[in-house]
Amino acid sequence: EGLEGQRILFSLSYNLGKTWTPAKISPTHVEASGFSPEEGGMSSAFTHSVWSPVVHVDPTTGRVYLFYSESSSCWRPTQPPTWEPGGDIRLLTVDNLGLRGSTPLWSRPRTLLKENLDGVPRVIANKLVTMS
């Protein structure tokens with residue numbers, strides 16, 4: 001845990017969990033030059049770690065919200081070097097995820113809370129609470 005390039009994977013089931021699609025990488029880090037849904041938008045030079053995924057599905061729109069932490073400045077002096085858990089709190093959204101025959105439409109990652117406000121890595125790990 002905490003190794004360079006740690007990612008969040010996802011898989012889908014269309015039959016209540018009897019079978020699953022092959023795992024895919026969530027595009028938690030995209031190249032500054034552009035986002036490629038087909039390639040997952042991933043940078044081959046991605047060296048940070050991502051942690052603590054919290055998933056929420058909006059029941060009215062079907063939009064999926066993926067909240068997570070991304071380490072970027074807290075190395076542990078281990079062999080091999082690893083990241084401390086936590087970092088910036090980030091958000092990705094995706095539409096059409098799980099609709100058979102549709103291409104998922106991922107947003108660019110957004111930073112909601114920066115680690116560097118006080119140097120304390122942020123971690124999330126609970127179910128999202130929504131209020132109406």
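What share of the 132 residues in the protein is buried? I started my notebook with that one, and the answer is 34%. A reminder to myself before going on: this is a predicted model.

**Entry 1: the overall layout**

I looked up the secondary structure next and found zero helices and nine strands. Read from the N terminus, the order of elements is β-β-β-β-β-β-β-β-β. I also checked how far along the chain the contacts reach. Of the contacts with a separation of 6 or more, 48% are between residues 24 or more positions apart.

**Entry 2: the salt bridges**

How many salt bridges does the count come to? I got three. I then went through the pairs in turn.

Arg63 and Asp95 join their side chains in a salt bridge, at 2.8 Å from N to O. This pair links distant parts of the chain, 32 residues apart: Arg63 lies in the loop between strand 3 (49–57) and strand 4 (64–71), and Asp95 lies in strand 7 (residues 88–95).

Next I looked at Glu70 and Arg90, whose side chains meet in a salt bridge at 2.9 Å, N to O. Here the link runs from strand 4, which holds Glu70, to strand 7, which holds Arg90, and the two are 20 residues apart. Glu70 counts as buried because its relative accessibility is 5%. Arg90 counts as buried as well, at 14%.

Asp88 and Lys114 make another salt bridge, with 3.4 Å between N and O. Asp88 is in strand 7 and Lys114 is in the segment after strand 9, so to speak two distant parts of the chain, 26 residues apart. Asp88 is buried, with 9% relative accessible area, whereas Lys114 is partly exposed at 38%.

Looking back over my notes, I see strand 7 turning up in each pair: it holds Asp95, Arg90 and Asp88.

**Entry 3: a pocket**

Which residues line the second largest pocket? I wrote down Ile8, Leu9, Phe10, Ser26, Pro53, Val55, Val64, Leu66, Val94, Leu97 and Trp106. The volume of this pocket is about 160 Å³. I also asked which strands each supply at least two residues of the lining. They are strand 1 (9–10), strand 3 and strand 4.

Leu112, Leu113 and Leu117 make a nonpolar surface patch of about 270 Å².

Definitions and conventions. Residues numbered from 1 in each chain as written. Predicted model: local features only at pLDDT ≥ 70, side-chain atom pairs only at ≥ 80, totals over all residues. Heavy atoms only, no water. Patch = residues over 30% accessible without salt bridge, like charges linked within 9 Å, V, L, I, M, F, W, Y side chains within 5 Å. Areas by Shrake-Rupley, 256 points an atom, 1.4 Å probe, with all protein chains shown as cover. Salt bridge = Lys/Arg side-chain N within 4 Å of Asp/Glu carboxyl O. Helix = DSSP H or I, 4+ residues; strand = E, 2+ residues; numbered from the N terminus. Buried < 20%, exposed > 50% of the residue type's maximum accessible area, 1.4 Å probe, protein only. Contact = heavy atoms within 4.5 Å. 1 Å grid on protein atoms, 1.4 Å probe; cavity = no way out; pocket = protein on both sides within 12 Å on 5 of 7 lines; lining within 4 Å. Points joined across faces, edges and corners; volume = space filled by probe spheres on them.
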